[in-house]
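Q: I would like a close look at the aromatic contacts in this structure, and then at the parts around them. Please go through it in some detail.
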Amino acid sequence: MNSSWLLIAVLLFLLILLIKNIRIVPQANAFILERLGAYQTTWEVGLHVKIPLVDRVSNKVSMKENVIDFDPQPVITKDNVTMQIDTVVYYQITDAKLFTYGVDRPISAIENLTATTLRNIIGDLELDETLTSRDVINTKMRSILDEATDPWGIKVNRVEVKNILPPADIQEAMEKQMRAERGRREAILRAEGEKMSAILMAEGVKQSTILKAEADKESAILQADANRERSIREADGEAEAILKVQEATAKGLTMIKDAHVDAAVIQLRSLDALAKVANGQATKIIIPSEIQNLAGLAASLKEISQ
(Lines give C-alpha, C1' and ligand atoms only; values in the text may rest on other atoms or scores of the structure.)
Protein backbone atom coordinates (compact mmCIF):
# COMPACT_ATOMS: atom_id res chain seq x y z
CA MET A 1 0.00 0.00 0.00
CA ASN A 2 2.77 2.37 0.90
CA SER A 3 4.64 1.52 -2.28
CA SER A 4 1.53 2.35 -4.35
CA TRP A 5 1.22 5.78 -2.75
CA LEU A 6 4.87 6.38 -3.29
CA LEU A 7 4.55 5.49 -6.98
CA ILE A 8 1.58 7.83 -7.36
CA ALA A 9 3.48 10.61 -5.67
CA VAL A 10 6.45 10.08 -7.95
CA LEU A 11 4.27 10.10 -11.04
CA LEU A 12 2.49 13.21 -9.83
CA PHE A 13 5.82 14.90 -9.19
CA LEU A 14 7.06 13.97 -12.65
CA LEU A 15 3.85 15.25 -14.22
CA ILE A 16 4.10 18.59 -12.40
CA LEU A 17 7.77 18.80 -13.32
CA LEU A 18 6.97 18.12 -16.97
CA ILE A 19 4.22 20.74 -17.04
CA LYS A 20 6.46 23.34 -15.43
CA ASN A 21 9.09 22.78 -18.13
CA ILE A 22 6.76 23.24 -21.08
CA ARG A 23 7.20 26.61 -22.74
CA ILE A 24 5.17 28.31 -25.48
CA VAL A 25 7.01 30.94 -27.49
CA PRO A 26 4.56 33.62 -28.78
CA GLN A 27 4.67 35.23 -32.21
CA ALA A 28 7.56 37.69 -32.81
CA ASN A 29 9.48 36.40 -29.82
CA ALA A 30 12.49 34.18 -29.28
CA PHE A 31 13.77 32.36 -26.15
CA ILE A 32 17.45 31.70 -25.46
CA LEU A 33 17.96 28.25 -23.93
CA GLU A 34 21.07 27.41 -21.90
CA ARG A 35 22.11 23.98 -20.77
CA LEU A 36 24.32 23.84 -17.73
CA GLY A 37 25.12 27.52 -18.22
CA ALA A 38 26.10 27.30 -21.90
CA TYR A 39 24.14 28.43 -24.91
CA GLN A 40 22.09 25.51 -26.24
CA THR A 41 19.61 26.84 -28.81
CA THR A 42 17.12 29.57 -29.66
CA TRP A 43 13.51 28.68 -29.46
CA GLU A 44 11.29 30.15 -32.19
CA VAL A 45 7.49 30.41 -32.19
CA GLY A 46 5.71 27.26 -30.92
CA LEU A 47 5.66 24.66 -28.11
CA HIS A 48 8.96 23.61 -26.51
CA VAL A 49 10.03 21.40 -23.58
CA LYS A 50 13.25 21.82 -21.66
CA ILE A 51 15.05 19.33 -19.50
CA PRO A 52 14.31 19.97 -15.82
CA LEU A 53 17.16 21.17 -13.64
CA VAL A 54 19.52 21.15 -16.67
CA ASP A 55 18.08 23.61 -19.15
CA ARG A 56 16.94 27.12 -18.43
CA VAL A 57 15.54 30.02 -20.46
CA SER A 58 18.17 32.71 -20.00
CA ASN A 59 16.54 35.48 -22.06
CA LYS A 60 13.22 36.25 -23.71
CA VAL A 61 13.72 38.52 -26.70
CA SER A 62 11.05 40.48 -28.59
CA MET A 63 11.74 40.51 -32.32
CA LYS A 64 9.38 43.41 -33.02
CA GLU A 65 10.61 46.89 -33.92
CA ASN A 66 11.28 49.01 -30.83
CA VAL A 67 11.60 52.73 -30.23
CA ILE A 68 13.99 54.46 -27.85
CA ASP A 69 13.53 58.15 -27.05
CA PHE A 70 16.79 59.40 -25.61
CA ASP A 71 17.13 62.48 -23.42
CA PRO A 72 18.61 65.67 -24.97
CA GLN A 73 22.35 65.48 -25.45
CA PRO A 74 24.66 68.53 -25.25
CA VAL A 75 26.64 68.97 -28.47
CA ILE A 76 29.01 71.63 -29.79
CA THR A 77 28.91 72.81 -33.40
CA LYS A 78 31.90 73.60 -35.58
CA ASP A 79 31.50 77.33 -34.78
CA ASN A 80 31.50 76.60 -30.99
CA VAL A 81 27.80 76.90 -30.27
CA THR A 82 26.51 74.57 -27.56
CA MET A 83 23.03 73.20 -28.04
CA GLN A 84 20.81 70.38 -26.88
CA ILE A 85 19.67 67.68 -29.32
CA ASP A 86 17.46 64.72 -28.53
CA THR A 87 17.00 61.79 -30.87
CA VAL A 88 14.66 58.88 -31.42
CA VAL A 89 16.04 55.52 -32.59
CA TYR A 90 13.93 52.81 -34.25
CA TYR A 91 15.64 49.42 -34.04
CA GLN A 92 14.82 45.73 -34.39
CA ILE A 93 16.56 42.66 -33.00
CA THR A 94 17.49 40.33 -35.82
CA ASP A 95 19.53 37.75 -33.90
CA ALA A 96 18.44 36.84 -30.38
CA LYS A 97 21.70 35.01 -29.61
CA LEU A 98 23.94 37.96 -30.58
CA PHE A 99 21.62 40.34 -28.75
CA THR A 100 21.92 38.21 -25.59
CA TYR A 101 25.65 37.54 -25.67
CA GLY A 102 27.02 40.30 -27.93
CA VAL A 103 27.08 43.21 -25.50
CA ASP A 104 26.20 43.84 -21.89
CA ARG A 105 23.12 46.11 -21.52
CA PRO A 106 22.62 46.65 -25.26
CA ILE A 107 20.11 49.52 -24.88
CA SER A 108 22.57 51.48 -22.76
CA ALA A 109 25.24 50.71 -25.34
CA ILE A 110 23.00 52.08 -28.12
CA GLU A 111 22.35 55.24 -26.09
CA ASN A 112 26.05 55.88 -25.54
CA LEU A 113 26.83 55.10 -29.16
CA THR A 114 24.10 57.50 -30.31
CA ALA A 115 25.43 60.32 -28.12
CA THR A 116 29.02 59.96 -29.35
CA THR A 117 27.96 59.64 -32.97
CA LEU A 118 25.76 62.72 -32.71
CA ARG A 119 28.60 64.77 -31.21
CA ASN A 120 30.95 63.70 -33.99
CA ILE A 121 28.48 64.63 -36.74
CA ILE A 122 27.46 67.98 -35.21
CA GLY A 123 31.12 68.84 -34.60
CA ASP A 124 31.65 68.94 -38.37
CA LEU A 125 28.69 71.26 -38.97
CA GLU A 126 28.16 74.94 -38.27
CA LEU A 127 25.04 76.22 -36.53
CA ASP A 128 23.13 77.11 -39.71
CA GLU A 129 24.01 73.76 -41.29
CA THR A 130 22.87 71.94 -38.15
CA LEU A 131 19.49 73.66 -38.22
CA THR A 132 18.91 72.98 -41.91
CA SER A 133 20.48 69.51 -42.29
CA ARG A 134 18.24 67.22 -40.28
CA ASP A 135 17.97 64.72 -43.11
CA VAL A 136 21.74 64.58 -43.49
CA ILE A 137 22.19 64.08 -39.74
CA ASN A 138 19.52 61.36 -39.64
CA THR A 139 21.01 59.49 -42.59
CA LYS A 140 24.58 59.57 -41.22
CA MET A 141 23.50 58.48 -37.76
CA ARG A 142 21.39 55.60 -39.08
CA SER A 143 24.25 54.35 -41.23
CA ILE A 144 26.85 54.56 -38.44
CA LEU A 145 24.59 53.05 -35.74
CA ASP A 146 23.38 50.24 -37.99
CA GLU A 147 26.95 49.24 -38.83
CA ALA A 148 28.08 49.45 -35.18
CA THR A 149 25.15 47.46 -33.77
CA ASP A 150 25.23 44.71 -36.38
CA PRO A 151 27.55 42.48 -34.25
CA TRP A 152 24.97 42.79 -31.44
CA GLY A 153 22.18 41.33 -33.57
CA ILE A 154 20.46 44.73 -33.83
CA LYS A 155 19.37 46.54 -36.97
CA VAL A 156 18.79 50.30 -36.73
CA ASN A 157 15.94 51.13 -39.13
CA ARG A 158 15.64 54.87 -38.59
CA VAL A 159 17.11 57.70 -36.52
CA GLU A 160 15.20 60.95 -36.14
CA VAL A 161 16.50 64.18 -34.65
CA LYS A 162 13.57 65.13 -32.47
CA ASN A 163 14.51 68.60 -31.21
CA ILE A 164 17.39 71.01 -31.70
CA LEU A 165 17.54 73.57 -28.90
CA PRO A 166 20.09 76.39 -29.35
CA PRO A 167 21.01 78.72 -26.45
CA ALA A 168 18.53 81.45 -25.48
CA ASP A 169 20.53 84.30 -27.06
CA ILE A 170 20.86 82.34 -30.30
CA GLN A 171 17.12 81.64 -30.29
CA GLU A 172 16.39 85.35 -29.78
CA ALA A 173 18.71 86.30 -32.64
CA MET A 174 17.11 83.67 -34.85
CA GLU A 175 13.65 84.98 -34.05
CA LYS A 176 14.74 88.53 -34.96
CA GLN A 177 16.23 87.24 -38.17
CA MET A 178 13.03 85.36 -38.97
CA ARG A 179 10.92 88.46 -38.29
CA ALA A 180 13.19 90.55 -40.52
CA GLU A 181 13.01 87.92 -43.23
CA ARG A 182 9.22 87.77 -43.02
CA GLY A 183 9.12 91.60 -43.24
CA ARG A 184 11.35 91.54 -46.29
CA ARG A 185 9.22 88.92 -48.00
CA GLU A 186 6.07 90.86 -47.15
CA ALA A 187 7.55 94.03 -48.69
CA ILE A 188 8.59 92.13 -51.80
CA LEU A 189 5.18 90.54 -52.19
CA ARG A 190 3.46 93.90 -51.69
CA ALA A 191 5.72 95.57 -54.29
CA GLU A 192 5.13 92.74 -56.75
CA GLY A 193 1.39 93.05 -56.18
CA GLU A 194 1.42 96.79 -56.82
CA LYS A 195 3.57 96.24 -59.92
CA MET A 196 1.16 93.66 -61.30
CA SER A 197 -1.77 95.93 -60.50
CA ALA A 198 -0.22 98.86 -62.40
CA ILE A 199 0.61 96.61 -65.35
CA LEU A 200 -2.91 95.23 -65.47
CA MET A 201 -4.43 98.73 -65.27
CA ALA A 202 -2.18 99.99 -68.10
CA GLU A 203 -3.02 96.92 -70.13
CA GLY A 204 -6.70 97.59 -69.56
CA VAL A 205 -6.37 101.21 -70.72
CA LYS A 206 -4.45 100.04 -73.78
CA GLN A 207 -7.05 97.47 -74.70
CA SER A 208 -9.84 99.98 -74.12
CA THR A 209 -8.18 102.56 -76.39
CA ILE A 210 -7.62 99.99 -79.12
CA LEU A 211 -11.18 98.78 -78.95
CA LYS A 212 -12.54 102.35 -79.06
CA ALA A 213 -10.36 103.18 -82.11
CA GLU A 214 -11.54 100.03 -83.87
CA ALA A 215 -15.14 100.90 -83.04
CA ASP A 216 -14.71 104.46 -84.42
CA LYS A 217 -13.11 103.06 -87.56
CA GLU A 218 -15.93 100.59 -88.15
CA SER A 219 -18.50 103.33 -87.45
CA ALA A 220 -16.85 105.67 -89.99
CA ILE A 221 -16.76 102.91 -92.59
CA LEU A 222 -20.40 102.05 -92.03
CA GLN A 223 -21.35 105.77 -92.20
CA ALA A 224 -19.44 106.21 -95.51
CA ASP A 225 -21.11 103.10 -96.94
CA ALA A 226 -24.51 104.46 -95.92
CA ASN A 227 -23.79 107.85 -97.53
CA ARG A 228 -22.60 106.22 -100.71
CA GLU A 229 -25.66 104.00 -100.85
CA ARG A 230 -27.94 106.99 -100.28
CA SER A 231 -26.23 109.03 -103.03
CA ILE A 232 -26.56 106.15 -105.48
CA ARG A 233 -30.22 105.71 -104.67
CA GLU A 234 -30.88 109.49 -105.01
CA ALA A 235 -29.09 109.60 -108.37
CA ASP A 236 -31.08 106.60 -109.58
CA GLY A 237 -34.30 108.32 -108.47
CA GLU A 238 -33.46 111.58 -110.25
CA ALA A 239 -32.47 109.72 -113.43
CA GLU A 240 -35.69 107.75 -113.35
CA ALA A 241 -37.71 110.96 -112.75
CA ILE A 242 -36.02 112.77 -115.68
CA LEU A 243 -36.64 109.79 -117.90
CA LYS A 244 -40.31 109.71 -116.96
CA VAL A 245 -40.64 113.50 -117.55
CA GLN A 246 -39.05 113.16 -120.97
CA GLU A 247 -41.33 110.23 -121.76
CA ALA A 248 -44.37 112.25 -120.63
CA THR A 249 -43.29 115.26 -122.73
CA ALA A 250 -42.76 113.11 -125.80
CA LYS A 251 -46.09 111.48 -125.22
CA GLY A 252 -47.76 114.91 -124.86
CA LEU A 253 -46.24 116.19 -128.08
CA THR A 254 -47.38 113.09 -129.86
CA MET A 255 -50.89 113.58 -128.59
CA ILE A 256 -50.89 117.25 -129.67
CA LYS A 257 -49.64 116.27 -133.09
CA ASP A 258 -52.28 113.59 -133.41
CA ALA A 259 -55.01 116.09 -132.37
CA HIS A 260 -54.34 118.39 -135.45
CA VAL A 261 -54.77 121.60 -133.43
CA ASP A 262 -55.26 124.88 -135.43
CA ALA A 263 -53.42 128.20 -135.14
CA ALA A 264 -55.87 129.66 -132.68
CA VAL A 265 -55.25 126.86 -130.17
CA ILE A 266 -51.52 127.31 -130.56
CA GLN A 267 -51.78 131.01 -129.89
CA LEU A 268 -53.95 130.34 -126.86
CA ARG A 269 -51.40 127.90 -125.44
CA SER A 270 -48.68 130.44 -126.16
CA LEU A 271 -50.56 133.03 -124.16
CA ASP A 272 -50.87 130.56 -121.26
CA ALA A 273 -47.15 129.91 -121.40
CA LEU A 274 -46.49 133.63 -121.53
CA ALA A 275 -48.62 134.13 -118.46
CA LYS A 276 -46.61 131.50 -116.55
CA VAL A 277 -43.37 133.16 -117.61
CA ALA A 278 -44.66 136.56 -116.51
CA ASN A 279 -45.35 135.19 -113.02
CA GLY A 280 -41.61 134.28 -112.58
CA GLN A 281 -38.70 136.32 -111.26
CA ALA A 282 -37.22 137.25 -114.68
CA THR A 283 -36.63 140.99 -115.30
CA LYS A 284 -36.73 140.62 -119.10
CA ILE A 285 -38.93 138.53 -121.40
CA ILE A 286 -38.28 137.81 -125.10
CA ILE A 287 -41.52 137.16 -126.96
CA PRO A 288 -41.57 135.31 -130.33
CA SER A 289 -42.68 137.48 -133.27
CA GLU A 290 -45.68 135.29 -134.02
CA ILE A 291 -47.33 135.97 -130.72
CA GLN A 292 -45.86 139.40 -130.17
CA ASN A 293 -49.00 141.12 -131.20
CA LEU A 294 -51.18 139.20 -128.77
CA ALA A 295 -48.75 139.24 -125.88
CA GLY A 296 -47.49 142.78 -126.35
CA LEU A 297 -49.85 144.14 -123.80
CA ALA A 298 -48.91 141.57 -121.14
CA ALA A 299 -45.17 142.11 -121.67
CA SER A 300 -45.54 145.85 -121.40
CA LEU A 301 -47.42 145.47 -118.12
CA LYS A 302 -44.61 143.15 -116.84
CA GLU A 303 -41.88 145.70 -117.61
CA ILE A 304 -43.85 148.46 -115.91
CA SER A 305 -44.44 146.38 -112.78
CA GLN A 306 -40.69 145.74 -112.43
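How many aromatic pairs does the count come to?

A: The count comes to one aromatic pair, where rings of Phe, Tyr and Trp (its six-membered ring) pair if their centres lie within 6.5 Å, with planes under 30 degrees apart counted as stacked, over 60 as edge-to-face and the rest as tilted. The model is predicted, so local features need pLDDT of at least 70 and side-chain atom pairs count only at pLDDT 80 or more, while totals for chains, interfaces and linings use all residues. Residues are numbered from 1 along each chain as its sequence is written, and side-chain values use heavy atoms, with hydrogens and water left out.

The pair is Y39 with Y101, edge-to-face, at 5.8 Å centre to centre and 80 degrees between the planes. Y39 belongs to strand β3 and Y101 to helix α2 (residues 96-101), so the pair ties together parts 62 residues apart in sequence. Helices (H or I, at least four residues) and strands (E, at least two) are DSSP runs, numbered from the N terminus. Y39 has a relative accessible area of 30% and is partly exposed; Y101, at 39%, also counts as partly exposed. Buried means under 20%, exposed over 50%, and partly exposed in between (1.4 Å probe, protein chains only).

Strand β3 (38-43) is an edge strand, as is β5 (55-62), each pairing on one side only. The open sheet has three strands in the order β3-β2-β5, with antiparallel pairing; two strands pair if DSSP finds at least two bridges between them. Five bridges join β2 (residues 29-35) to β3, and L33 stands opposite T41 of β3.

Elsewhere, helix α3 (residues 106-123) has 18 residues and should span 26 Å at 1.5 Å a residue, which agrees with the 26 Å between its end C-alpha atoms. The expected span is 1.5 Å times one less than the number of residues. Its buried residues include I110, A115 and L118.

A115 and L118 are among the contacts of Q73, as are E111 and R119; contact means heavy atoms within 4.5 Å, and neighbours within four places in sequence are left aside. Q73 sits in strand β7 (residues 73-76) and counts as buried at 15% relative accessibility.

I110 is in contact with T149, as are L113, I154 and V156, again leaving aside neighbours within four places in sequence. T149 lies in helix α5 (residues 134-149) and is buried, with a relative accessible area of 0%.
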